[in-house]
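Please open the model in your viewer and keep the selection panel at hand. The tour begins at a pocket and then moves on to the fold and to pairs of side chains.

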Amino acid sequence: MQRRLIAIMAALVLSTALAVPLASQDITVTPGPRGEQAFVAKVSSDLNRELGHVYLSPRDHASGLAMVHFRIDAQGRATDVKLHQRSGDFTVNRVALAAVRRLDNLGAVPVGYPDDQIMQANIILATSERDLNRLNRQLDKLEAARINQAARSGGHPVLAFTVKAHSAS
């Protein structure tokens, strides 16, 4: 009986020792593209939902590209919301800011990014297919420049989310 108890205790001690990493073992968590992609997809979806809640009068012929910078707090809410680039249209700017300010329950910033990571919402509102195509080309150029700048600086790039709304006029 005593041998059996000693064997059980030895097994418990051994299993506990194997379950706890040794001090000399390094544990590295590497951010994966899936985690980042899932985060971007969720924020984009939430942003699209919030844009749907913003009222635009039929008289508004709002068209433009607004870029909004923000951070995500510990509760998953958008904070420090400010226009990074104005659209040139007051209504587009108002709609973009309102949609981003209403973001909540976003979850944590992906692993590998600082807690105070800057996010960028690229919001396009267009009243015609022609405007939408023009604004898409403008956004493509701006995003290429932003990505190149981030690559040159070597820091964490701004995480960008793009939402496009087109309404027939």
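How many nonpolar, polar and charged residues are in the lining of the largest pocket? The lining has 6 nonpolar, 7 polar and 2 charged residues, where Ala, Val, Leu, Ile, Met, Phe, Trp, Tyr, Cys and Pro count as nonpolar, Asp, Glu, Lys and Arg as charged, and the others, Gly among them, as polar.

Before selecting anything, note that this is a predicted model, in which local features need pLDDT of at least 70 and side-chain atom pairs count only at pLDDT 80 or more, while totals for chains, interfaces and linings use all residues. Residues are numbered from 1 along each chain as its sequence is written, and side-chain values use heavy atoms, with hydrogens and water left out.

**The pocket**

Select His69, His84, Gln120, Arg146 and Val158, which lie nearest the centre of the largest pocket among the 15 residues that line it. A pocket here is an open set of points on a 1 Å grid over the protein atoms alone, where a 1.4 Å probe fits, with protein on both sides within 12 Å along at least five of seven lines, and lining residues have an atom within 4 Å of a point. The space in this pocket is about 240 Å³, a volume being the space filled by probe spheres set on the points, which are joined across faces, edges and corners.

Next, colour strand 1 (64–72), strand 2 (78–85) and helix 4 (129–153), each of which supplies at least two residues of the lining. Helix 4 gives the largest share, with 5 residues.

**The whole chain**

Switch to a cartoon view of the chain, which has 4 helices and 4 strands, in the order α-α-β-β-α-β-α-β from the N terminus on. These elements are DSSP runs numbered from the N terminus, helices being H or I with at least four residues and strands E with at least two. Of the 169 residues, 34% are buried, where buried means under 20% relative accessible area, exposed over 50%, and partly exposed in between (1.4 Å probe, protein chains only).

Now select helix 2 (residues 33–52), where Gly35 lies. Gly35 is partly exposed, at 43% relative accessibility, and its C-alpha atom is 9.7 Å from that of Val109, which is 74 residues away along the chain.

Further along helix 2, show Asp46 and Arg49, which are 3 residues apart and therefore separated by about one helical turn. They form a salt bridge whose closest N and O atoms are 3.1 Å apart, a salt bridge being a side-chain nitrogen of Lys or Arg within 4 Å of a carboxyl oxygen of Asp or Glu. Asp46 is buried, at 7% relative accessibility, whereas Arg49 is partly exposed, with 38%.

Glu50 is buried, with a relative accessible area of 6%, and Arg102 is partly exposed, with 37%.

**A last pair**

Finally, select Arg77 and Asp73, which form a salt bridge with the closest N and O atoms 3.1 Å apart. Arg77 is partly exposed, at 41% relative accessibility. A search of the whole structure finds 7 salt bridges.
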